[in-house]
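Subject: Predicted model, handover and findings

Hello,

Please find the sequence and structure below. My notes come after them.

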Amino acid sequence: MGGVWNRNVAALAAFNALRGVAVGGFMTLLPMYMKYLGYSMNAIGGVITASGVILSVFLPLIGYLIDKYGPRLMVALTGVLLAAAPLIAAYSTSLAWLGVAYGLFLLSFLAGQPARMSFLAASVGGVGLGSAVGVTSSIFSASRTAGPTAAGLIASLRGFHDAFLALTATTLVGLAAFVIMSRPVDSPSRPRNVVEAYRYLARPPRGFAIVLGYVSLDRFAWSLWFPMLSAHLYASGYQEDQVGYIITLSGVIQTLLLPVAGRATDRIGSWAMLAVSEAAGSLAAILYSTPEPWQRVALAAILMGASIAAWVPGYNTLIARVAGGSGGAYAAANTARSLMGAPAPYAGGYLYDALAPWAPFAASTILLVAATAYAALILRKVEEPKHIAVKGKPLAAEPAP
(Lines give C-alpha, C1' and ligand atoms only; values in the text may rest on other atoms or scores of the structure.)
Protein backbone atom coordinates (compact mmCIF):
# COMPACT_ATOMS: atom_id res chain seq x y z
CA MET A 1 0.00 0.00 0.00
CA GLY A 2 2.84 2.41 0.79
CA GLY A 3 4.23 2.36 -2.75
CA VAL A 4 0.80 2.83 -4.32
CA TRP A 5 -0.01 5.57 -1.81
CA ASN A 6 3.16 7.51 -2.55
CA ARG A 7 2.96 7.11 -6.32
CA ASN A 8 -0.74 7.91 -6.63
CA VAL A 9 -0.64 10.86 -4.26
CA ALA A 10 2.33 12.20 -6.21
CA ALA A 11 0.49 11.67 -9.51
CA LEU A 12 -2.61 13.44 -8.24
CA ALA A 13 -0.46 16.24 -6.86
CA ALA A 14 1.23 16.70 -10.26
CA PHE A 15 -2.13 16.79 -12.02
CA ASN A 16 -3.53 19.22 -9.44
CA ALA A 17 -0.52 21.49 -9.80
CA LEU A 18 -1.45 22.25 -13.42
CA ARG A 19 -5.17 21.52 -13.35
CA GLY A 20 -5.59 24.21 -10.73
CA VAL A 21 -4.21 26.88 -13.05
CA ALA A 22 -6.81 25.98 -15.66
CA VAL A 23 -9.69 25.80 -13.19
CA GLY A 24 -8.89 29.10 -11.51
CA GLY A 25 -8.20 30.84 -14.79
CA PHE A 26 -11.33 29.57 -16.56
CA MET A 27 -13.66 30.38 -13.65
CA THR A 28 -12.30 33.91 -13.64
CA LEU A 29 -12.12 34.53 -17.38
CA LEU A 30 -15.41 33.15 -18.68
CA PRO A 31 -17.81 35.44 -16.74
CA MET A 32 -15.60 38.45 -17.54
CA TYR A 33 -15.45 37.42 -21.20
CA MET A 34 -19.23 37.14 -21.36
CA LYS A 35 -19.57 40.55 -19.72
CA TYR A 36 -17.02 41.92 -22.22
CA LEU A 37 -19.18 40.59 -25.06
CA GLY A 38 -22.17 42.48 -23.65
CA TYR A 39 -24.16 39.72 -21.96
CA SER A 40 -26.17 40.64 -18.86
CA MET A 41 -25.66 39.13 -15.42
CA ASN A 42 -29.03 37.43 -15.86
CA ALA A 43 -27.78 35.76 -19.06
CA ILE A 44 -24.53 34.68 -17.39
CA GLY A 45 -26.46 33.21 -14.48
CA GLY A 46 -28.86 31.53 -16.90
CA VAL A 47 -26.02 29.70 -18.66
CA ILE A 48 -24.66 28.47 -15.35
CA THR A 49 -28.11 27.34 -14.20
CA ALA A 50 -28.94 25.50 -17.44
CA SER A 51 -25.63 23.63 -17.37
CA GLY A 52 -26.13 22.62 -13.74
CA VAL A 53 -29.66 21.31 -14.31
CA ILE A 54 -28.72 19.26 -17.38
CA LEU A 55 -25.57 17.75 -15.92
CA SER A 56 -27.12 16.86 -12.57
CA VAL A 57 -29.11 14.10 -14.24
CA PHE A 58 -25.93 12.29 -15.26
CA LEU A 59 -24.00 12.43 -11.98
CA PRO A 60 -25.24 9.10 -10.55
CA LEU A 61 -24.27 7.54 -13.89
CA ILE A 62 -20.81 9.03 -13.48
CA GLY A 63 -20.56 7.54 -10.00
CA TYR A 64 -21.50 4.15 -11.43
CA LEU A 65 -18.81 4.45 -14.12
CA ILE A 66 -16.20 5.43 -11.53
CA ASP A 67 -16.93 2.33 -9.47
CA LYS A 68 -17.25 0.03 -12.47
CA TYR A 69 -14.17 1.06 -14.47
CA GLY A 70 -12.02 2.50 -11.73
CA PRO A 71 -11.45 6.08 -10.56
CA ARG A 72 -8.08 6.45 -12.33
CA LEU A 73 -9.66 6.27 -15.79
CA MET A 74 -12.37 8.74 -14.86
CA VAL A 75 -9.84 11.20 -13.45
CA ALA A 76 -8.07 11.14 -16.82
CA LEU A 77 -11.32 11.63 -18.75
CA THR A 78 -12.24 14.65 -16.66
CA GLY A 79 -8.88 16.14 -17.61
CA VAL A 80 -9.83 15.85 -21.27
CA LEU A 81 -13.12 17.66 -20.60
CA LEU A 82 -11.30 20.42 -18.73
CA ALA A 83 -8.91 20.94 -21.63
CA ALA A 84 -11.79 21.16 -24.12
CA ALA A 85 -13.72 23.88 -22.25
CA PRO A 86 -11.32 26.84 -22.71
CA LEU A 87 -10.49 25.64 -26.24
CA ILE A 88 -14.14 26.07 -27.24
CA ALA A 89 -14.41 29.42 -25.43
CA ALA A 90 -11.34 30.70 -27.30
CA TYR A 91 -13.20 30.46 -30.62
CA SER A 92 -16.75 31.33 -29.49
CA THR A 93 -18.82 34.45 -29.01
CA SER A 94 -22.36 33.05 -29.12
CA LEU A 95 -24.21 32.35 -25.88
CA ALA A 96 -24.91 28.77 -26.97
CA TRP A 97 -21.26 27.81 -27.54
CA LEU A 98 -20.12 29.60 -24.41
CA GLY A 99 -22.77 27.56 -22.62
CA VAL A 100 -21.25 24.39 -24.08
CA ALA A 101 -17.81 25.48 -22.88
CA TYR A 102 -19.09 26.09 -19.37
CA GLY A 103 -21.02 22.81 -19.46
CA LEU A 104 -17.85 20.84 -20.26
CA PHE A 105 -15.98 22.67 -17.52
CA LEU A 106 -18.76 21.97 -15.01
CA LEU A 107 -18.91 18.31 -16.04
CA SER A 108 -15.16 17.97 -15.50
CA PHE A 109 -15.58 19.59 -12.09
CA LEU A 110 -18.61 17.57 -10.98
CA ALA A 111 -17.28 14.25 -12.30
CA GLY A 112 -13.68 14.94 -11.33
CA GLN A 113 -14.35 15.51 -7.65
CA PRO A 114 -15.86 12.06 -6.94
CA ALA A 115 -13.30 10.41 -9.24
CA ARG A 116 -10.34 12.05 -7.50
CA MET A 117 -11.70 11.49 -4.00
CA SER A 118 -12.53 7.86 -4.70
CA PHE A 119 -9.04 7.44 -6.21
CA LEU A 120 -7.49 9.03 -3.14
CA ALA A 121 -9.63 7.09 -0.65
CA ALA A 122 -8.74 3.79 -2.36
CA SER A 123 -5.05 4.70 -2.35
CA VAL A 124 -4.85 5.99 1.23
CA GLY A 125 -7.58 4.17 3.17
CA GLY A 126 -9.89 5.60 5.83
CA VAL A 127 -7.44 6.63 8.55
CA GLY A 128 -5.71 9.93 7.79
CA LEU A 129 -7.89 10.70 4.77
CA GLY A 130 -8.46 14.26 5.95
CA SER A 131 -4.72 14.92 6.03
CA ALA A 132 -4.26 13.37 2.57
CA VAL A 133 -7.09 15.49 1.17
CA GLY A 134 -5.60 18.57 2.80
CA VAL A 135 -2.14 18.01 1.31
CA THR A 136 -3.25 17.23 -2.25
CA SER A 137 -5.88 19.96 -2.19
CA SER A 138 -3.36 22.52 -0.99
CA ILE A 139 -1.28 21.82 -4.09
CA PHE A 140 -4.36 22.30 -6.25
CA SER A 141 -5.20 25.45 -4.33
CA ALA A 142 -1.71 26.85 -4.84
CA SER A 143 -1.92 26.44 -8.60
CA ARG A 144 -5.54 27.59 -8.68
CA THR A 145 -4.33 30.69 -6.87
CA ALA A 146 -1.96 31.44 -9.72
CA GLY A 147 -4.63 30.77 -12.34
CA PRO A 148 -6.73 33.96 -12.00
CA THR A 149 -3.68 36.22 -11.96
CA ALA A 150 -1.97 34.47 -14.87
CA ALA A 151 -5.15 34.33 -16.95
CA GLY A 152 -6.04 37.91 -16.09
CA LEU A 153 -2.60 39.17 -17.10
CA ILE A 154 -2.62 37.24 -20.37
CA ALA A 155 -6.12 38.50 -21.15
CA SER A 156 -5.13 42.11 -20.46
CA LEU A 157 -1.94 41.84 -22.56
CA ARG A 158 -2.88 39.37 -25.32
CA GLY A 159 -6.65 39.12 -25.19
CA PHE A 160 -9.13 36.48 -24.03
CA HIS A 161 -8.37 34.19 -26.99
CA ASP A 162 -4.73 33.58 -26.08
CA ALA A 163 -5.58 33.29 -22.39
CA PHE A 164 -8.06 30.47 -23.05
CA LEU A 165 -5.57 28.62 -25.27
CA ALA A 166 -2.92 28.83 -22.54
CA LEU A 167 -5.34 27.18 -20.10
CA THR A 168 -5.95 24.29 -22.50
CA ALA A 169 -2.22 23.67 -22.95
CA THR A 170 -1.62 23.74 -19.19
CA THR A 171 -4.34 21.14 -18.57
CA LEU A 172 -2.96 18.74 -21.18
CA VAL A 173 0.52 18.80 -19.62
CA GLY A 174 -0.92 18.01 -16.20
CA LEU A 175 -3.07 15.22 -17.63
CA ALA A 176 -0.05 13.60 -19.27
CA ALA A 177 1.83 13.66 -15.96
CA PHE A 178 -1.04 11.94 -14.15
CA VAL A 179 -1.41 9.18 -16.74
CA ILE A 180 2.32 8.42 -16.71
CA MET A 181 2.81 8.47 -12.93
CA SER A 182 -0.38 6.92 -11.49
CA ARG A 183 -1.32 3.27 -10.94
CA PRO A 184 -4.83 1.69 -10.92
CA VAL A 185 -6.67 1.12 -7.64
CA ASP A 186 -9.68 -1.00 -6.69
CA SER A 187 -13.02 0.73 -6.22
CA PRO A 188 -14.51 0.38 -2.72
CA SER A 189 -17.81 -0.87 -4.17
CA ARG A 190 -19.03 -2.53 -7.37
CA PRO A 191 -22.66 -1.69 -8.16
CA ARG A 192 -24.46 -4.35 -10.19
CA ASN A 193 -26.09 -1.85 -12.54
CA VAL A 194 -26.65 1.87 -12.99
CA VAL A 195 -30.15 1.66 -11.45
CA GLU A 196 -28.53 1.06 -8.06
CA ALA A 197 -26.69 4.37 -8.30
CA TYR A 198 -29.93 6.29 -8.89
CA ARG A 199 -31.75 4.28 -6.20
CA TYR A 200 -29.07 5.20 -3.67
CA LEU A 201 -29.72 8.87 -4.36
CA ALA A 202 -33.51 8.53 -4.30
CA ARG A 203 -33.60 6.42 -1.13
CA PRO A 204 -30.42 7.13 0.84
CA PRO A 205 -29.78 5.78 4.36
CA ARG A 206 -30.90 8.17 7.09
CA GLY A 207 -27.45 9.47 7.97
CA PHE A 208 -26.57 10.12 4.36
CA ALA A 209 -29.95 11.79 3.76
CA ILE A 210 -29.07 14.32 6.48
CA VAL A 211 -25.75 14.96 4.76
CA LEU A 212 -27.51 15.47 1.42
CA GLY A 213 -29.81 18.05 3.00
CA TYR A 214 -26.86 19.96 4.35
CA VAL A 215 -24.80 20.00 1.15
CA SER A 216 -27.88 21.10 -0.81
CA LEU A 217 -28.41 24.11 1.45
CA ASP A 218 -24.73 25.01 1.29
CA ARG A 219 -24.56 24.81 -2.49
CA PHE A 220 -27.67 26.94 -3.07
CA ALA A 221 -26.39 29.64 -0.71
CA TRP A 222 -22.94 29.90 -2.31
CA SER A 223 -24.25 29.66 -5.88
CA LEU A 224 -26.31 32.82 -5.52
CA TRP A 225 -23.12 34.81 -6.13
CA PHE A 226 -19.95 32.71 -6.20
CA PRO A 227 -20.01 31.72 -9.93
CA MET A 228 -20.48 35.38 -10.91
CA LEU A 229 -18.05 36.96 -8.46
CA SER A 230 -15.50 37.98 -11.09
CA ALA A 231 -18.25 39.58 -13.21
CA HIS A 232 -19.52 41.42 -10.10
CA LEU A 233 -16.06 42.81 -9.37
CA TYR A 234 -15.52 43.66 -13.05
CA ALA A 235 -18.86 45.51 -13.17
CA SER A 236 -17.88 47.37 -9.98
CA GLY A 237 -14.89 48.94 -11.70
CA TYR A 238 -12.02 46.52 -11.12
CA GLN A 239 -9.85 45.69 -14.15
CA GLU A 240 -9.13 42.17 -15.42
CA ASP A 241 -5.76 41.90 -13.70
CA GLN A 242 -7.14 43.44 -10.49
CA VAL A 243 -9.90 40.83 -10.38
CA GLY A 244 -7.23 38.20 -10.81
CA TYR A 245 -5.25 39.60 -7.88
CA ILE A 246 -8.32 39.58 -5.63
CA ILE A 247 -9.18 35.98 -6.38
CA THR A 248 -5.52 35.03 -6.09
CA LEU A 249 -5.44 36.45 -2.56
CA SER A 250 -8.29 34.14 -1.65
CA GLY A 251 -6.39 31.24 -3.14
CA VAL A 252 -3.24 32.05 -1.17
CA ILE A 253 -5.14 31.91 2.10
CA GLN A 254 -6.84 28.68 1.04
CA THR A 255 -3.51 27.10 0.11
CA LEU A 256 -1.87 28.00 3.41
CA LEU A 257 -4.75 26.76 5.53
CA LEU A 258 -5.65 23.52 3.73
CA PRO A 259 -3.01 21.26 5.34
CA VAL A 260 -3.91 22.65 8.76
CA ALA A 261 -7.62 22.17 8.10
CA GLY A 262 -7.00 18.60 6.93
CA ARG A 263 -5.24 17.68 10.16
CA ALA A 264 -7.90 19.46 12.21
CA THR A 265 -10.63 17.49 10.44
CA ASP A 266 -9.04 14.20 11.53
CA ARG A 267 -8.85 15.46 15.10
CA ILE A 268 -12.12 17.32 15.76
CA GLY A 269 -14.49 15.96 13.13
CA SER A 270 -15.92 17.08 9.81
CA TRP A 271 -18.94 18.83 11.28
CA ALA A 272 -16.76 21.32 13.18
CA MET A 273 -14.76 22.26 10.10
CA LEU A 274 -17.91 22.69 8.07
CA ALA A 275 -19.45 24.96 10.69
CA VAL A 276 -16.31 27.12 10.57
CA SER A 277 -16.51 27.15 6.78
CA GLU A 278 -20.11 28.40 6.71
CA ALA A 279 -19.49 31.10 9.31
CA ALA A 280 -16.52 32.48 7.39
CA GLY A 281 -18.49 32.30 4.13
CA SER A 282 -21.36 34.33 5.54
CA LEU A 283 -18.97 37.12 6.54
CA ALA A 284 -17.33 37.04 3.09
CA ALA A 285 -20.72 37.42 1.38
CA ILE A 286 -21.53 40.48 3.49
CA LEU A 287 -18.26 42.15 2.59
CA TYR A 288 -18.42 41.32 -1.13
CA SER A 289 -21.91 42.83 -1.40
CA THR A 290 -20.37 46.33 -1.39
CA PRO A 291 -16.90 45.95 -2.96
CA GLU A 292 -15.51 49.32 -1.88
CA PRO A 293 -12.98 50.20 -0.63
CA TRP A 294 -10.41 47.66 -1.75
CA GLN A 295 -9.53 46.79 1.86
CA ARG A 296 -13.08 45.49 2.31
CA VAL A 297 -12.69 43.28 -0.76
CA ALA A 298 -9.32 42.03 0.48
CA LEU A 299 -10.84 40.98 3.81
CA ALA A 300 -13.67 39.24 1.96
CA ALA A 301 -11.14 37.35 -0.15
CA ILE A 302 -9.26 36.24 2.98
CA LEU A 303 -12.46 34.96 4.60
CA MET A 304 -13.52 33.17 1.43
CA GLY A 305 -10.15 31.42 1.24
CA ALA A 306 -10.44 30.33 4.87
CA SER A 307 -13.98 29.08 4.27
CA ILE A 308 -12.99 26.93 1.29
CA ALA A 309 -9.95 25.59 3.14
CA ALA A 310 -12.18 24.34 5.94
CA TRP A 311 -14.81 23.01 3.54
CA VAL A 312 -12.63 20.78 1.33
CA PRO A 313 -11.36 18.27 3.91
CA GLY A 314 -14.52 18.60 5.98
CA TYR A 315 -16.85 17.70 3.12
CA ASN A 316 -14.75 14.96 1.56
CA THR A 317 -14.05 13.27 4.88
CA LEU A 318 -17.71 13.53 5.91
CA ILE A 319 -18.81 11.59 2.82
CA ALA A 320 -16.22 8.89 3.47
CA ARG A 321 -17.18 8.58 7.13
CA VAL A 322 -20.92 8.50 6.71
CA ALA A 323 -21.32 6.75 3.34
CA GLY A 324 -17.99 5.17 2.39
CA GLY A 325 -15.42 6.36 -0.13
CA SER A 326 -17.04 5.05 -3.31
CA GLY A 327 -17.50 7.09 -6.44
CA GLY A 328 -21.23 6.46 -6.13
CA ALA A 329 -21.39 8.10 -2.69
CA TYR A 330 -19.45 11.18 -3.81
CA ALA A 331 -21.46 11.40 -7.03
CA ALA A 332 -24.75 11.16 -5.13
CA ALA A 333 -23.71 14.03 -2.87
CA ASN A 334 -22.62 16.09 -5.87
CA THR A 335 -25.93 15.35 -7.59
CA ALA A 336 -27.86 16.76 -4.65
CA ARG A 337 -25.58 19.79 -4.54
CA SER A 338 -25.89 20.40 -8.26
CA LEU A 339 -29.67 20.00 -8.40
CA MET A 340 -30.25 22.40 -5.52
CA GLY A 341 -27.56 24.81 -6.61
CA ALA A 342 -28.55 24.93 -10.30
CA PRO A 343 -31.37 27.54 -9.96
CA ALA A 344 -29.30 29.75 -7.67
CA PRO A 345 -27.09 31.54 -10.26
CA TYR A 346 -30.17 32.50 -12.29
CA ALA A 347 -31.94 33.65 -9.13
CA GLY A 348 -28.85 35.54 -8.03
CA GLY A 349 -28.47 37.17 -11.43
CA TYR A 350 -32.14 38.18 -11.41
CA LEU A 351 -31.84 39.72 -7.94
CA TYR A 352 -28.66 41.50 -9.04
CA ASP A 353 -30.26 43.08 -12.14
CA ALA A 354 -33.77 43.64 -10.77
CA LEU A 355 -33.04 44.89 -7.25
CA ALA A 356 -29.41 45.78 -6.54
CA PRO A 357 -25.94 44.21 -6.60
CA TRP A 358 -26.11 43.56 -2.85
CA ALA A 359 -29.36 41.55 -3.04
CA PRO A 360 -27.98 38.06 -3.88
CA PHE A 361 -25.25 38.49 -1.26
CA ALA A 362 -27.82 39.34 1.41
CA ALA A 363 -29.92 36.28 0.57
CA SER A 364 -26.79 34.11 0.62
CA THR A 365 -25.73 35.42 4.03
CA ILE A 366 -29.02 34.35 5.62
CA LEU A 367 -28.73 30.85 4.16
CA LEU A 368 -25.08 30.48 5.15
CA VAL A 369 -25.93 31.33 8.75
CA ALA A 370 -28.57 28.58 8.61
CA ALA A 371 -25.96 26.18 7.19
CA THR A 372 -23.65 27.03 10.07
CA ALA A 373 -26.32 25.98 12.55
CA TYR A 374 -27.09 22.84 10.52
CA ALA A 375 -23.46 21.72 10.62
CA ALA A 376 -23.01 22.45 14.32
CA LEU A 377 -26.28 20.99 15.57
CA ILE A 378 -27.33 18.26 13.11
CA LEU A 379 -24.24 16.98 11.31
CA ARG A 380 -22.55 16.58 14.67
CA LYS A 381 -25.14 14.01 15.74
CA VAL A 382 -24.76 12.07 12.48
CA GLU A 383 -20.98 11.91 12.54
CA GLU A 384 -19.90 11.64 16.16
CA PRO A 385 -21.61 8.57 17.66
CA LYS A 386 -20.30 5.91 15.30
CA HIS A 387 -18.19 7.37 12.53
CA ILE A 388 -15.19 9.07 14.14
CA ALA A 389 -12.05 6.93 13.98
CA VAL A 390 -10.64 6.01 17.38
CA LYS A 391 -6.96 5.18 18.00
CA GLY A 392 -6.21 4.45 14.35
CA LYS A 393 -9.12 2.10 13.73
CA PRO A 394 -10.70 2.27 10.25
CA LEU A 395 -13.67 4.52 9.72
CA ALA A 396 -17.13 2.97 9.76
CA ALA A 397 -19.64 3.88 7.10
CA GLU A 398 -23.16 3.17 6.06
CA PRO A 399 -23.39 0.88 3.03
CA ALA A 400 -22.93 2.55 -0.33
CA PRO A 401 -24.18 1.15 -3.64
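Residues are numbered from 1 along each chain as its sequence is written, and side-chain values use heavy atoms, with hydrogens and water left out.

Whole chain

The chain has 16 helices and zero strands; helices (H or I, at least four residues) and strands (E, at least two) are DSSP runs, numbered from the N terminus. The radius of gyration is 19 Å, which agrees with the value near 21 Å that a compact globule of 401 residues would have. That radius is taken over C-alpha atoms, and the globule rule is 2.2 Å times the number of residues to the power 0.38. Along its principal axes the C-alpha trace spans about 55 × 45 × 40 Å.

Of the 401 residues, 58% count as buried. Buried means under 20% relative accessible area, exposed over 50%, and partly exposed in between (1.4 Å probe, protein chains only).

Contact means heavy atoms within 4.5 Å. Among contacts between residues at least 6 apart in sequence, 86% join residues at least 24 apart.

There are 25 positive and 14 negative charges, and their mean positions are 9 Å apart. Lys and Arg count as positive and Asp and Glu as negative, with His and the chain ends not counted. Each charge is placed at NZ of Lys, CZ of Arg, CG of Asp or CD of Glu.

Helix α9 (residues 206–223) has 18 residues and reaches 26 Å from its first C-alpha to its last, close to the 26 Å expected at 1.5 Å a residue. The expected span is 1.5 Å times one less than the number of residues. Of the 18 residues in α9, 13 are buried, which leaves the helix mostly covered.

Helix α13 has 30 residues and reaches 43 Å, first C-alpha to last, close to the 44 Å expected. It is mostly covered too, with 24 of its 30 residues buried. Ser 307 lies in α13 and counts as buried because its relative accessibility is 1%. Leaving out residues up to four places away in sequence, Ser 307 touches Trp 222, Ser 277, Ala 280 and Gly 281.

The loop between α12 (270–288) and α13 (294–323) holds Pro 293. A cis peptide bond joins Glu 292 to Pro 293, with omega about 0°.

Helix α3

The buried residues of α3 (residues 59–69) are Leu 59, Pro 60, Ile 62, Gly 63, Tyr 64, Ile 66 and Asp 67. They pack against α2 (41–56), α4 (71–90), α5 (95–124), α8 (194–202) and α14 (327–341). After α3 comes Gly 70, with a positive phi near 100°.

Single residues

Ser 51 is in helix α2 and is buried, with a relative accessible area of 8%. Apart from neighbours within four places in sequence, Ser 51 is in contact with Gly 99, Tyr 102, Gly 103 and Leu 106. Ser 51 and Val 195 are 144 residues apart in sequence and 23 Å apart in space, C-alpha to C-alpha.

Val 21 is in helix α1 (residues 2–36) and is buried at 17% relative accessible area. Not counting residues up to four places away in sequence, Val 21 touches Ser 143, Arg 144, Gly 147, Leu 167 and Thr 170.

Val 124, in helix α5, is buried with a relative accessible area of 14%. Val 124 and Val 9 are 115 residues apart in sequence and 8.5 Å apart in space, C-alpha to C-alpha.

Leu 355 sits in the loop between α15 (343–354) and α16 (359–387) and is exposed, with a relative accessible area of 62%. Leu 355 and Ala 261 are 94 residues apart in sequence and 37 Å apart in space, C-alpha to C-alpha.

Regards

Notes: This is a predicted model: local features need pLDDT of at least 70, side-chain atom pairs count only at pLDDT 80 or more; totals for chains, interfaces and linings use all residues.
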